[in-house]
Amino acid sequence: MSEHPRDRFDLVPSMEAETAFLDALERGRLHHAWMVCGPEGLGKATFAYRAARRLLGAAPDPSRGPLGARPSDPVSQLISAQSHPDLLVLERLVEGGKTKKSISVDQARDLPEFFSKTPSRAAYRVAIIDAADDLNLNAANALLKVLEEPPERGVLFLVTHAPGRLLATIRSRCRRLTFQPWTEAAVATLLERQTELEGDESERIAGMARGSPGAALLLATAANLELDRLARRWVDEGPVDRAEQVSIADGFRGAEGQARFEALLDRLAAAVKARSLAQGGQGAAWADLWTRLTEAPERAVAINLDKGDLLAGALADLARVKRMAG
């Protein structure tokens, strides 16, 4: 299980963003709404929680970056426990083990009531929407009403992976902070500092993460590293052992099994893509297999395919492509 952004204290997603936010705060020019933009996995939600801790009174800890705070600080502990009275977080709800497709208008309607109250423990009331892309149209309109009448001593963070999809009237009322992908060297350094990876393996994971520190840390978990090594072995070595295949498929049950299935297909697709690129102009069959693998998890859900059968089909396709490649 990857660490939630509210529990990350030692990751500084963007020095530039933190410096810009602190400058506005210290000069008394704090905007009431911040649109935190950039591709998924760059630490935008982590930044929002770091800024929230500062606004809600957590004691600064410069050793953890410009917006750093100690995990033991009472404010930090309240936020991690999701019990700080001056913080409201809107995100997709989980019901019956399934995550809703959007943030509902009923959730968004909590914003006006929340901001109508004076802060109870801090100088500000803070709301985080993670992600604003998940707001349905009615929820977006409810948010717009809050932005049209900025709350006194209220600050709103809108995490967005695709700001162009938001209503123009929402975008125009926010100050934008844009996060850029990290360099591979920076991601590799992060991995070596926060995991047990080093050398070639940290560099390989950094390359796979495509500039995303969040993706890199997720890939570096023991479970995902195991699946990545398994997928690369299946692609690079001889036929897949049938007993091993059945054993793997037995672990696809339940919510955790679904996540494992999706992660394995993702790693298998990545290994196939790497083989396709290595083959150059001779890699058409590998490229076609990569396309089928990337579509497989969604197809499994759409027509309720058995995940074990789908894995068996994918491995049969893999064996066929390997035979064609000689």
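1. A polar contact is a pair of N or O atoms within 3.5 Å; within protein, one must be able to donate a hydrogen and the other to accept it, and residues adjacent in sequence count only if both atoms are side-chain atoms. By that criterion, the side chain of Arg153 reaches the backbone oxygen of Ala123 at 3.0 Å.

2. The model is predicted, so local features need pLDDT of at least 70 and side-chain atom pairs count only at pLDDT 80 or more, while totals for chains, interfaces and linings use all residues. Residues are numbered from 1 along each chain as its sequence is written, and side-chain values use heavy atoms, with hydrogens and water left out.

3. Arg153 sits in the loop between α6 (137-148) and β6 (154-160); helices (H or I, at least four residues) and strands (E, at least two) are DSSP runs, numbered from the N terminus. Arg153 is partly exposed, at a relative accessible area of 41%; the cut-offs are under 20% for buried and over 50% for exposed, with partly exposed in between (1.4 Å probe, protein chains only).

4. Contact means heavy atoms within 4.5 Å. With neighbours within four places in sequence left aside, Arg153 is in contact with Pro119, Ala123, Tyr124 and Arg125. The C-alpha atoms of Arg153 and Val126 are 8.7 Å apart, although 27 residues separate them along the chain.

5. Strand β5 (residues 125-130) is largely enclosed by the rest of the structure, because six of its six residues are buried. Arg125, Ala127 and Ile129 point one way from β5, and Val126, Ile128 and Asp130 the other way.

6. Two strands pair if DSSP finds at least two bridges between them. Strand β2 (residues 87-90) runs parallel to β5 and is joined to it by four bridges, with Val89 opposite Ile128. Six bridges join β5 to β6, also in parallel, and here Val126 stands opposite Val155. From β5 the chain crosses through α6 to β6 in a right-handed β-α-β crossover: with the strands pointing away from the viewer, the path from the first strand over the helix to the second runs clockwise.

7. A separate site involves Lys322, in helix α15 (residues 307-325). A polar atom of the Lys322 side chain lies 2.8 Å from the backbone oxygen of Trp234. Outside four places in sequence, Lys322 is in contact with Trp234, Val235, Glu237, Gly238 and Trp286. The C-alpha atoms of Lys322 and Gly238, 84 residues apart along the chain, are separated by 9.1 Å.
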